[in-house]
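Hi everyone, thanks for making the time. I'd like to walk you through one structure today, so please have a look at it with me.

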Amino acid sequence: SVQKLRRIFQLCKDLDIDTSPSEICMDSHRVIIAPLQAWHHPQWDEEPELAGWAGQRPVHQCVSDYWMTSWPSPVQIADGSAARYLDAINDELFDMEDLRRRRATCDVCI
């Protein structure tokens, strides 16, 4: 899956498609559109269990993210390393500190 993502980024680059954060103006508003690579991190789920869902299959058996993706070893979804891995790809693609500075001068960041 990561190799496919990297091939998509390369294809976008070859076709001169910008995949980095960019600013646009809408009326009098400056807007940053920031395409971030992300993955859910199971440890961030601090919500209480839903009432009435007893007996349901565990999330890793219900959500296709768990069996339809492949990660380079030792990256896994369950331990949060997939989320950290994709966050590191963001660091390869753009400077987050620069994005934060730019965000301070804009009205909206999407």
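Let's begin with I32, whose bridge partner in strand 3 is C109. Strand 3 covers residues 108-109, and strand 2 pairs with strand 3 in the parallel sense over 2 bridges. A quick word on terms: strands (E, at least two residues) and helices (H or I, at least four residues) are DSSP runs, numbered from the N terminus. Two strands pair if DSSP finds at least two bridges between them.

Before going further, please keep in mind that this is a predicted model: local features need pLDDT of at least 70, side-chain atom pairs count only at pLDDT 80 or more, and totals for chains, interfaces and linings use all residues. Residues are numbered from 1 along each chain as its sequence is written, and side-chain values use heavy atoms, with hydrogens and water left out.

Now, in which sense do strand 1 and strand 2 pair? Strand 1, residues 22-26, pairs with strand 2 in the antiparallel sense, over 5 bridges. The two strands form a hairpin with 2 residues between them. In that turn, D27 has a positive phi of about 55 degrees. M26, which is found in strand 1, stands opposite H29 in strand 2.

Stay with M26 for a moment. M26 has a relative accessible area of 47%, so it is partly exposed. Here, buried means under 20% relative accessible area, exposed means over 50%, and partly exposed is in between, with a 1.4 Å probe and protein chains only. M26 also belongs to a nonpolar surface patch with I24, I33, V108 and I110, and together they have about 430 Å² of accessible area. Those areas come from the Shrake-Rupley method with a 1.4 Å probe; for residues, only the protein chains shown count as cover. Patches are made of residues with over 30% relative accessible area and no salt bridge, joining like charges within 9 Å and nonpolar side chains (Val, Leu, Ile, Met, Phe, Trp, Tyr) within 5 Å.

On to charges. Side chains of opposite charge can pair when their charged atoms come close. A salt bridge here is a side-chain nitrogen of Lys or Arg within 4 Å of a carboxyl oxygen of Asp or Glu. How many does the structure hold? There are 5 salt bridges.

One of them joins the side chains of E92 and R6, at 2.9 Å, N to O. This pair links distant parts of the chain, with E92 in helix 3 (residues 81-93) and R6 in helix 1 (residues 2-14), 86 residues apart. E92 counts as exposed because its relative accessibility is 53%, whereas R6, at 34%, is partly exposed.

Another salt bridge brings R102 and E23 together at 3.4 Å, N to O. That pair also links distant parts of the chain: R102 is in helix 4 (residues 96-104), E23 is in strand 1, and they are 79 residues apart.

R102 meets D98 in a salt bridge too, at 3.8 Å, N to O. Because D98 and R102 are 4 residues apart in helix 4, about one helical turn separates them. Salt bridges that share partners join E23, R30, D98 and R102 into one network.

Last stop: D45, in the loop between strand 2 (29-33) and helix 2 (59-62). D45 is exposed because its relative accessibility is 54%. D45 gathers with E46, E47 and E49 in a surface patch of negative charge. For this, Asp and Glu count as negative and Lys and Arg as positive, while His and the chain ends are not counted. The place of a charge is taken as NZ of Lys, CZ of Arg, CG of Asp or CD of Glu.
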